[in-house]
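Hello,

Here is the structure we spoke about, with its sequence. My notes on it follow below.

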Amino acid sequence: MANKIGRRDFLKKSAAAGASAVLANRFISGLAGSPLAAFAADKVDLAVASGSDYAAMTAKAVELLGGMEKFVRKGSRVFLLPNVQSKHPGTFTKPDIFRSVIRMCKKAGAAEVNCLSWLTQQHWDGAGLAQVVQEEGITLKLIPRDDVNFKSVPITDGKVLQEAKILNEFFNHDVFIDMPIAKNHAGNKFTGTMKNLMALNSPALNRAQFHKPNWQTDPADIEHLDRCIADLNTVIKPTLCIVDATEIIKTNGPMGPGELIKPLRVIASVDRVATDSYCASLLGLKGEDIVHIRGAHEKKLGEMDLKKVRIREIKV
Amino acid sequence: MEIKPSPPLQNLEAFLPDKEQLQSWKAENTPQLYKGEDLYLYIDGGAEIYHEYGFRQVLVQDYKSAAGKSLTLEIFEMANSECAFGIYTFKSSGKGKAVSVGQDGQLEDYYLNFWKGHFQITLTGSDSSPEIIQGLLFIAKSLDAKMKSLGARPLLIEALPKEWFPLFRQKYIKGVLGLQNSESFLSRSILGFREAVVGVNDEKRFRSLVFLYSSTDECRRRFQEAQAVLGKSAAARNLRNLGPDFFTVTDSQGRVFYVRIFEDCLGLAITNEGQEFASKILTLIRHNWAKLK
């Protein structure tokens, strides 16, 4: 099932084929080794822009990785996955960051920029992202939670999860940009790029499989949830991660309200494990303390040890 | 403590401030109500902690000021007043400013939490401007005036000596999620409690926890299991018996744990102040709990 396609090959094919039938398995991870391997010649693995102009910071972080053109070829169909958890401060991807990414994608020549969500219009309205969708002229499609709208994807390398059910329409895209906000989570302490993928997975499966039946009393439940997240990430691979770490909650996540901290950073990388490890550090945690980060590192989905990651930090 | 049978669900809209009371604020959209499992529709990926504390329903109402500021009111109806107090302690940092709203009102940065009876109320502003703060207080007070019943705090809270652990630095825990958010442990054997309380002393940088089990036998079994597991754990060092019902162990971060059993309770002190100090705290807890029973 896994499409053993390298990133450079993928980009070449994307440009040639546009939105064609070969896209069905485009995001099914099959890359051997670290996602950084494809970028060995580049100087930056993880770009961090700090400041107060969130749009400019986002553009700069992407520029440090080589620019959006490196990820979005002309004619691409781009899928964006921001976090619209709640309207409380520090819990959702900032509209300015979202808008900046949309504009970069369009400038790079994207034919379409789309968002899909099984959350409600109220979630998108509350986060202020529905307004951006409208103003920037992209598409937001709210998908009913019915099983028929999800495609079964076997997880052959899963420790605890054997199947994912991913939004059907997700596979109609060439480029997937994962855009969470980094923040505290009452279960597994941290949520970032990897946990954000649960928003692609069937909510029914998230409920039924990501928690043990006796989760309220089983102390292993949280670790099980983390293992499921790592397993899910073995079959879906973002093209690029852009994380809002500007104003984020340190407690009472993911919904808030909670203690708000202001790292005032936007992070961009193709390595979701390095990205999450870096963002966890902003919350006073180590990547290795978070079971799904450690699990993804063990599965060679990315680098957890920040000493091995080429980080470029810049003030905007 | 068992969750007692709950009364019929309340009409939460009856607690909302009347239009004429709102002054410069205006209700936006219609209030949204989520009951039981529907909470997952409102809080995607974070509803479990509310269910652990006995969630029954929540009413959400947005407000907007004449100047365009916005705030959100959430009224959570919980299974009983212990549960309402518990989720309140979970959500409050204890570092906020005490305000005379409801029971134990706390104003923090851009939000306000209080509990009253078997309800827990959170008001969240879009920022921490003076207008928002005034709005939070104003709407909270209007709501408070309509909520007549008071609730009793859980008995276990009284086990922690107040001279060391002020109320606003305590967390009342009903399950694994709440505990793991508050503390990380060397052994899971200690879990399986009915309820627990965590107290934090900021000045001396130490913590105490009390776990209540369903029986003395269950408590002793957990105590013995924890000792056995820690004896084999690579992450634990300096495991020593300090008496028949008392042991100490150090974790990989150098935190020293003192664990003592008294009847159906397990007391923990996490401190680097030494055995004498830990014993003093644990003795106080034991005396408090004996008096309460």
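**Notes on chains B and A**

Strand S12(B) and strand S13 (residues 256-262) of chain B are antiparallel, with five bridges joining them. Please keep in mind that this is a predicted model. Within that pairing, Val249(B) has Phe257(B) of S13(B) as its bridge partner. The two strands make a hairpin with five residues between them, and Gly254(B) in the turn has a positive phi of about 85°.

S12(B) also pairs with strand S11 (residues 237-243) of chain B, in the antiparallel sense and through four bridges. Here Arg240(B) is opposite Thr248(B) of S12(B). As for its faces, S12(B), which spans residues 246-250, has Phe247(B) and Val249(B) on the covered one. Phe246(B), Thr248(B) and Thr250(B) are on the uncovered one.

Chain B also holds an open sheet of seven strands, in the order S1-S2-S3-S7-S6-S5-S4 and with antiparallel pairing. Strands S1 (25-35) and S4 (97-98) of chain B are at its edges; each has a single partner strand, so one side of each has no neighbour in the sheet. Helix H4 (residues 130-146) of chain B packs on this sheet, where it touches S1, S2, S3, S5 (103-108), S6 (111-116) and S7 (119-125) of chain B. The direction of H4(B) makes about 160° with that of S7(B). Within the sheet, nine bridges join S2 (residues 55-65) and S3 (residues 70-78) of chain B, an antiparallel pair. Phe55(B) stands opposite Met78(B) of S3(B).

Now to chain A. Which residues of helix H10 (residues 291-298) of chain A are buried? They are His292(A), Ile293(A), Gly295(A), Ala296(A) and His297(A). Their cover includes helices H6 (193-196), H8 (221-232) and H9 (272-282) of chain A. Just past the end of H10(A), Lys300(A) has a positive phi of about 60°.

The last item is Asp178(A), which lies in strand S7 (residues 175-179) of chain A. Is Asp178(A) buried or exposed? Asp178(A) is buried, because 26 other C-beta atoms lie within 10 Å, and the cut-off for buried is 20 or more. Apart from neighbours within four places in sequence, Asp178(A) is in contact with Leu81(A), Thr193(A), Asn196(A), Pro238(A), Cys241(A) and Arg272(A). Val273(A) is 95 residues away from Asp178(A) in sequence and 13 Å away in space, C-alpha to C-alpha.

Regards

Methods. Residues are numbered from 1 along each chain as its sequence is written. Chains are lettered from A and ligands numbered from 1 in the order in which they are written. This is a predicted model: local features need pLDDT of at least 70, side-chain atom pairs count only at pLDDT 80 or more; totals for chains, interfaces and linings use all residues. A residue is buried if 20 or more other C-beta atoms lie within 10 Å of its own, exposed if 12 or fewer, and partly exposed in between; C-beta atoms are placed from the backbone. Two strands pair if DSSP finds at least two bridges between them. Two residues are in contact if their C-beta atoms, placed from the backbone, lie within 7 Å. Axes are lines fitted to C-alpha atoms, for helices over the stretch in contact, and angles run from 0 to 180 degrees between N-to-C directions.
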